[in-house]
Amino acid sequence: MRKVQLLTVFLLLCGVTTIFGLQANAGIDVVTEFVNSENAVFTDDGRYFVAANHESLGHGIYEISKSGSSHSVEQITPCVINGEDCWFHGLTTDGNVLYATALVHPNGNPMENSAGGLFRITLNGSTTVDIA
């Protein structure tokens, strides 16, 4: 039981450190602009992607990039399946491809889902999104 408690505290501290580190270094307010940002990955070439709900852009996958001393946020794809808004629940990378799982939650209720999909996002200059 003690090991589980220590692991929980460690993971919580890692998450807080990551969030506030990004906030301090990114020039964007990650804490208030991104909600439900549970999934984030770096690609092999160092690009950083986060699946989250952005307060003004909505649910999607976003790339946070740096140019000089400034940072920018670009939506790579919104989270939409069959014309319905959805939530991303998993994000991983394999080389130059992002994979994300998503579910449609009717009425915003995370305990219900009416559709799901696997997003495959190829990052080769021009981004392409396939939804299975």
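1. Let me start with Phe-119, which counts as buried at 0% relative accessibility (buried means under 20% relative accessible area, exposed over 50%, and partly exposed in between, with a 1.4 Å probe and protein chains only). Its ring pairs with that of Phe-88 in an edge-to-face arrangement, 5.0 Å centre to centre with 70° between the planes. The cut-offs here: rings of Phe, Tyr and Trp (its six-membered ring) pair if their centres lie within 6.5 Å, and planes under 30 degrees apart count as stacked, over 60 as edge-to-face and the rest as tilted. Phe-88 belongs to strand 7 (residues 87–94) and Phe-119 to strand 9 (residues 115–124), so this pair links distant parts of the chain, 31 residues apart. Helices (H or I, at least four residues) and strands (E, at least two) are DSSP runs, numbered from the N terminus.

2. A word on what you are looking at. This is a predicted model, in which local features need pLDDT of at least 70 and side-chain atom pairs count only at pLDDT 80 or more, while totals for chains, interfaces and linings use all residues. Residues are numbered from 1 along each chain as its sequence is written, and side-chain values use heavy atoms, with hydrogens and water left out.

3. Phe-88 deserves a look of its own. Phe-88 is buried too, at 10% relative accessibility. Leaving aside residues up to four places away in sequence, Phe-88 touches Asn-39, Ala-51, Gly-60, Ile-61, Thr-77, Pro-78, Cys-79, Ala-100, Thr-101, Ala-102 and Phe-119 (a contact means heavy atoms within 4.5 Å).

4. Now the core. The largest nonpolar core has 18 residues, and Ile-61, Phe-88 and Phe-119 are the ones that touch the most other members. Such a core is a set of buried Ala, Val, Leu, Ile, Met, Phe, Trp, Tyr and Cys residues joined through side-chain atoms within 4.5 Å. Strand 2, strand 7, strand 8 and strand 9 each supply at least two of its residues. Another core lies apart from it, with 6 residues, including Phe-34, Ala-52, Tyr-62 and Ile-64. In soluble globular proteins, nonpolar side chains tend to be buried together.

5. The search of the whole structure finds 2 aromatic pairs. Besides the one above, Phe-42 and Tyr-48 form a tilted pair, with 4.7 Å between the centres and 40° between the planes.

6. Of its 132 residues, 30% count as buried. Among contacts with a separation of 6 or more, 29% join residues 24 or more positions apart. The accessible surface comes to about 8100 Å², with 55% of that belonging to carbon and sulfur atoms (Shrake-Rupley method with a 1.4 Å probe; for residues, only the protein chains shown count as cover).

7. An open sheet holds 4 strands in the order 1-2-3-4, paired antiparallel (two strands pair if DSSP finds at least two bridges between them). Its edges are strand 1 (34–42) and strand 4 (70–78), each of which pairs on one side only.

8. Within that sheet, strand 2 (residues 48–54) and strand 3 (residues 58–67) pair over 7 bridges and form a hairpin with 3 residues between them. Asn-53 stands opposite His-59 in strand 3. Strand 3 and strand 4 pair over 8 bridges, and Ser-70 in strand 4 is the bridge partner of Ser-67. Their hairpin has 2 residues between the strands, and Gly-68 takes a positive phi near 65° there.

9. Strand 7 and strand 8 (residues 97–104) pair in the antiparallel sense over 7 bridges, and Leu-98 in strand 8 is the bridge partner of Thr-93. These strands form a hairpin with 2 residues between them, and Gly-95 in the turn has a positive phi of about 65°.

10. Finally, Glu-33 lies in helix 2 (residues 30–33) and is partly exposed at 23% relative accessibility. The C-alpha atoms of Glu-33 and His-54 are separated by 5.5 Å, although the two residues are 21 apart along the chain.
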